[in-house]
Amino acid sequence: MSPRPAELSEVRVPERTGSNKQPTIREVALRAGVSPMTVSRTLSGGESVRPDVQEKVLRAVRELGYHRNENARSLRPGHRSGLIGVAITNLGNPYYGNFALGVEEVAAQHGRRIIIGSTGEDPLRERQLVSDFIGRQVEGLVLVPSGESVDHLSADRLGGVPLVLASRSLEGLDVDSVLLDDVGGAADGTRVLLDAGHTRIAFLGNARSVFTGERRFEGYVRALAERGLSPRDELVERGQQDVASAEVATRRLLDLEHPPTAIFSANNRNTIGALREMGRRLRAGESVDAMPALAGFDAFELAELMPVPVTIIDHDPQELGRQAARLLLARLDVDRAAGHGKTIEMPVRIVAAN
């Protein structure tokens, strides 16, 4: 006689410790107390499966870290997928398009192709995207992290798939990474404004949880401290992830009774938002002399045509992508377990756009 579901639900699947083997659909079924067919139906849309049963299956999937093997039918035994997953945070930012081109260039030299997904700076979307990539049997991952969580990026969860972090690092994760000199670059950009005689320098940046945003704020604070200055709360705007929110933040700054005479921007989305607000004011009749000086991290198209002076802390996003891909391909083609993760920090440079 077949065991009843209630009996199956008491079967416990041992927790995986230190193994890179992926959990199977049968193990998910045992954990959820259902049949493998029910698991398969749930993961295919849940047709004819009760909602409460679907929830049990999905809970087991999360607990075990199970990934559907989307490529299993198309791959012959012993053959690789030839795919590298690239997860970025903002598909609408041309910066990341150039970054992905750098990854693709190196991947193509090694006979691989890339698939790209955007997390939108949402850690939950990042988890799902990574899971989808693993399900498609990617050979490696290049990730721009969107949060601080690392449990979904452990070797066990990734099934031994090599991972390289780009632009941002994560504490507690021993993997290869490529970073920029965020602190030094932000300090240099702020010094340009200080050397021009500005002391009321505002900061436009993204969320505190974003690795680069925190490091660039550190550089801004460091440069102020060298001149005996401290950040003023009313001049610090953080949390802007897109151009529209940066435009609103700049409006708040410029509407202050004593507005800043200069702004340091932590990335190109914030810089463009600041320039949009300045442009709006210029069209309304305000003078160019009334606009704050501006320095910002990351280049952007047509920066040299802006109506106000802009200082750029520049670097090559394609080279950042190339470096990340080279680290990943070294793990894939040479030795996946070649010691601890390596960190490369790329230099930046100051450019006067106009």
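Arg-50 has a relative accessible area of 53% and is therefore exposed, where exposed means over 50%, buried means under 20% and partly exposed lies in between, for a 1.4 Å probe and protein chains only. Its salt-bridge partner is Asp-52, with the closest N and O atoms 3.1 Å apart; a salt bridge is taken as a side-chain nitrogen of Lys or Arg within 4 Å of a carboxyl oxygen of Asp or Glu. Asp-52, at a relative accessible area of 43%, is partly exposed.

The model is a predicted one, in which local features need pLDDT of at least 70 and side-chain atom pairs count only at pLDDT 80 or more, while totals for chains, interfaces and linings use all residues. Residues are numbered from 1 along each chain as its sequence is written, and side-chain values use heavy atoms, with hydrogens and water left out.

**Salt bridges**

By the rule given above, the count comes to 29 salt bridges. Three of them, among them the pair already described, are set out here with the separation of the closest N and O atoms.

| Arg-31 | Glu-63 | 2.9 Å |

The bridge between Glu-63 and Arg-31 links distant parts of the chain, since Glu-63 belongs to helix H4 (residues 51–64) and Arg-31 to helix H2 (residues 25–32), 32 residues apart; helices (H or I, at least four residues) and strands (E, at least two) are DSSP runs numbered from the N terminus. Glu-63 is partly exposed, at 39% relative accessibility, whereas Arg-31 is buried, with a relative accessible area of 17%.

Elsewhere, salt bridges that share partners join Glu-247, Arg-251, Asp-255, Glu-277, Arg-280, Arg-281 and Glu-286 into one network.

**Packing of H10 and H11**

Helix H10 (residues 243–254) packs against helix H11 (residues 268–283) at an angle of about 55°, and the axes are 7 Å apart. H10 is therefore oblique to H11, given that angles under 35 degrees count as roughly parallel, over 145 as roughly antiparallel, 65 to 115 as roughly perpendicular and the rest as oblique. The crossing of the two helices is right-handed. On the H10 side the contact (heavy atoms within 4.5 Å) includes Glu-247 and Arg-251, and on the H11 side it includes Glu-277, Arg-280 and Arg-281. The residues of this contact divide into 5 nonpolar, 3 polar and 7 charged.

Asp-314 is found in strand E10 (residues 310–314) and is buried, with a relative accessible area of 14%. Leaving aside residues up to four places away in sequence, Asp-314 touches Ala-299, Val-348, Arg-349 and Val-351. Asp-289, by contrast, is exposed, with a relative accessible area of 76%, and lies in the loop between H11 and strand E9 (293–297). The C-alpha atom of Asp-289 is separated by 10.0 Å from that of Thr-261, 28 residues apart along the chain.

Note on methods
Axes are lines fitted to C-alpha atoms, for helices over the stretch in contact, and angles run from 0 to 180 degrees between N-to-C directions. A crossing is left-handed if the near helix is turned anticlockwise from the far one by less than a right angle, and right-handed if clockwise. Ala, Val, Leu, Ile, Met, Phe, Trp, Tyr, Cys and Pro count as nonpolar, Asp, Glu, Lys and Arg as charged, and the others, Gly among them, as polar.
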